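I opened this model to look up its surface, its helix packing and its salt bridges. My entries follow in the order I made them.

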Amino acid sequence: MFARCLQEKWSEPPFPVQELQPYIEQDMSSAPRKTLPDLRTSVEEECAAMEDVIAILRREQEQLVSGSSEGLDIVVSEKNSSLDLLERKRLDRLTTMKKVGAPTDPGMIDQFVGADATLSRLWQRLRALARECQRVNTLNGRLVNVRLQFVDGRLDALRAFRGNQ
């Protein structure tokens, strides 16, 4: 009797199903649209900070290639400040990602940001900048090692000269 009463009373939904369609079709893994601008802004700011780090790394590279150590201390100080800012922007982005419900698994992030064309483009740009930053930094590390070997060779020559006297 109760079941029959429910069937008669609720044979039609109390509101049009079409009103629910956008929510039903929405990918539940994506963040609500109103929070995506925050994530876009955060990723954009991290990109800008990464670009600054890359520019400073390139200046550092010029100093290392030239063999001049006069401006190197200034560039290294700027690099450290820029790296601190980049880390703050990275932490801001991670906080924003948590707020919007973005996954932390790297493989899932691409899928998450793929739901928004602008965010996807920014995310790919950030990844490309990170690769470039790593490439330039690795090269600079090699240049530092070459300079250290040069200095060590000079010191060894001086020690040998001193020992022969």
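I started with patches, which are made of residues with over 30% relative accessible area and no salt bridge; like charges are joined within 9 Å, and nonpolar side chains (Val, Leu, Ile, Met, Phe, Trp, Tyr) within 5 Å. Accessible areas come from the Shrake-Rupley method with a 1.4 Å probe, and for residues only the protein chains shown count as cover. A salt bridge is a side-chain nitrogen of Lys or Arg within 4 Å of a carboxyl oxygen of Asp or Glu.

I noted the ground rules. The model is predicted: local features need pLDDT of at least 70, side-chain atom pairs count only at pLDDT 80 or more, and totals for chains, interfaces and linings use all residues. Residues are numbered from 1 along each chain as its sequence is written, and side-chain values use heavy atoms, with hydrogens and water left out.

**Surface patch.** I found a nonpolar surface patch formed by Phe150, Val151, Leu155 and Leu158. Together they have about 370 Å² of accessible area. Phe150 sits in helix α6.

**Whole chain.** I counted six helices and zero strands. Helices (H or I, at least four residues) and strands (E, at least two) are DSSP runs, numbered from the N terminus. The chain has 165 residues, and 25% of them are buried. Buried means under 20% relative accessible area, exposed over 50%, partly exposed in between (1.4 Å probe, protein chains only). The chain exposes about 11700 Å², with 56% of it supplied by carbon and sulfur atoms.

**Helix packing.** I looked at α5 (residues 106–113) against α6 (residues 117–164). They pack at an angle of about 145°, their axes 8 Å apart. Axes are lines fitted to C-alpha atoms, for helices over the stretch in contact, and angles run from 0 to 180 degrees between N-to-C directions. From α5, the contact uses Ile109, Asp110 and Val113; from α6, it uses Leu119, Ser120, Trp123, Gln124 and Arg127. Contact means heavy atoms within 4.5 Å.

**Arg93.** I placed Arg93 in helix α4 (residues 72–100). Is Arg93 buried or exposed? It is buried, at 8% relative accessibility. Leaving aside neighbours within four places in sequence, Arg93 contacts Leu39, Ser42, Val43, Glu46, Trp123 and Leu126. Arg93 also meets Glu46 in a side-chain salt bridge (2.3 Å, N to O). Glu46 lies in helix α3 (residues 36–66) and Arg93 in helix α4, so the pair ties together parts 47 residues apart in sequence. Glu46 is buried as well, at 4% relative accessibility.

**Lys79.** I checked a second residue of helix α4, Lys79. Lys79 is buried, with a relative accessible area of 14%. Not counting residues up to four places away in sequence, Lys79 touches Ile56, Leu57 and Glu60.

**Other salt bridges.** I read ten salt bridges in the structure. One of them joins Arg125 and Glu51, with the closest N and O atoms 2.7 Å apart. That pair links Arg125 in helix α6 to Glu51 in helix α3, 74 residues apart. Arg125 is partly exposed at 29% relative accessible area, and Glu51 is partly exposed at 34%.

Glu132 and Arg135 also meet through their side chains in a salt bridge (2.8 Å, N to O). They are three residues apart in helix α6, so about one helical turn separates them. Salt bridges that share partners join Arg58, Glu132 and Arg135 into one network.
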